[in-house]
Amino acid sequence: MPSSLPDVVLWSIPAFVLLTVVEMVSYRLHPDEDAAGYAAKDAATSITMGLGSLVFDALWKIPIVALYAAVYELTPLRVPILWWTLPLMLLAQDFFYYWSHRGHHVIRILWACHVVHHSSRKFNLTTALRQPWTTWTVWPFYVPLIACGVHPAALAFCSATNLVYQFWIHTERIGKLPRPVEFVFNTPSHHRVHHASQGSYLDRNFGGILIVWDRLFGSFVPETDPCVFGLTKNVDSYNPLRVATHEYAAIARDVRAARNWRERGGRIFRGPGWQPAHPSRPAAELAADR
């Protein structure tokens, strides 16, 4: 990475630790019966998943950086890294993040990666650390940025900034913020909806830094009812390896049991709740089984 671009994740670690401790203490001093709060095993799993993701992301980075570098060398376009281009690149990265995030909710093989982040039934700052170990599914969404001349290091900086921003929105201790902030930015209120498992909240509010993408593309829902966190079918395990791989195992089981190639394709590339049509059950009912 060019020397002018700091490692924002590394610099943010002390703040992550401090804010998490503050949130934990706040639950001790001021318990909230309506909040999911903390559980020791759940928090330990989230932290372990976060540490593991650092290792696996370093491995996935090798082929991904090579691919990005090849695309960057082939394109004649160049976006200079300047004080006024970085905000524009961050805006563009946030736009593509929205579509990556949305894609990882509606395509099952991509959901198998992202489901890890939604597997906790708690919603606190350690939930932000519960990251997947198979992020090789993310890189194709950002190829257009590299093809437009954005340096891979600049993309890495923007992605890290987006990730750091999202840390603070994983909390129940902050209610709704002033209306202009709620209208433009992703906030704890919006992100609680995203992590909720109720039908009306399912697959909503995909934005990273900005919530305006959801407003523009019809995926926004405001927080009204209390959120129930987790999955529609929760993983009853704190084993990090099982948390990281359970959906891949479920896909493998479904593919083995499929009756034909069309069903096999659907089990992999359709939505997480997709089921093949059955004479005794309507398609709408099958689609609801997620």
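Mentor: Let us begin with charges and rings. A charge sits over a ring if NZ of Lys or CZ of Arg is within 6 Å of the ring centre and within 35 degrees of the ring normal. Please keep in mind that this is a predicted model. In it, Arg 264 lies over the face of Trp 261, 4.6 Å from the ring centre. The charged end of Arg 78 likewise sits over the ring of Tyr 72, at 3.8 Å from its centre.

Trainee: How many aromatic pairs does the structure hold?

Mentor: The structure holds 13 aromatic pairs. Planes over 60 degrees apart count as edge-to-face. The planes of Phe 95 and Trp 213 stand at 70 degrees, with ring centres 5.2 Å apart, so this pair is edge-to-face. Phe 95 belongs to helix H3 (residues 85–106) and Trp 213 to helix H9 (residues 212–217), so the pair ties together parts that are 118 residues apart in sequence.

Trainee: Is Trp 213 buried or exposed?

Mentor: Buried means under 20% relative accessible area. Trp 213, at 12% relative accessibility, counts as buried, whereas Phe 95 is partly exposed at 26%. Another pair is formed by Tyr 165 and Trp 168: their ring centres are 5.8 Å apart and their planes at 90 degrees, so it too is edge-to-face. Trp 168 is partly exposed, with a relative accessibility of 27%.

Trainee: Which residues form one aromatic cluster?

Mentor: The members are Phe 95, Phe 96, Tyr 98, Trp 99, Phe 206, Trp 213 and Phe 217.

Trainee: Where does helix H1 bend?

Mentor: H1 bends by about 35 degrees at Pro 14. This helix (residues 8–29) has 22 residues and reaches 31 Å from its first C-alpha to its last, close to the 32 Å expected. Its buried residues, among them Phe 16, Glu 23 and Tyr 27, pack against helix H6 (152–167).

Trainee: Which residues have the most contacts inside the largest nonpolar core?

Mentor: That core has 22 residues, and those with the most contacts inside it are Tyr 68, Met 89, Tyr 142, Val 150, Leu 155 and Phe 157. At least two residues each come from H1, helix H2 (40–74), H3, helix H5 (143–147) and H6. H6 gives the most, with 7 residues. Leaving aside residues up to four places away in sequence, Tyr 142 touches Tyr 68, Gln 93, Phe 96, Tyr 97, Ser 100 and Leu 155.

How values were computed
Residues numbered from 1 in each chain as written. Predicted model: local features only at pLDDT ≥ 70, side-chain atom pairs only at ≥ 80, totals over all residues. Heavy atoms only, no water. Phe/Tyr/Trp six-rings, centres within 6.5 Å; stacked < 30°, edge-to-face > 60°. Helix = DSSP H or I, 4+ residues; strand = E, 2+ residues; numbered from the N terminus. Buried < 20%, exposed > 50% of the residue type's maximum accessible area, 1.4 Å probe, protein only. Expected span 1.5 Å × (residues − 1). Bend = angle between axes of the 7 residues up to and from the residue. Contact = heavy atoms within 4.5 Å. Core = buried A, V, L, I, M, F, W, Y, C linked by side-chain atoms within 4.5 Å.
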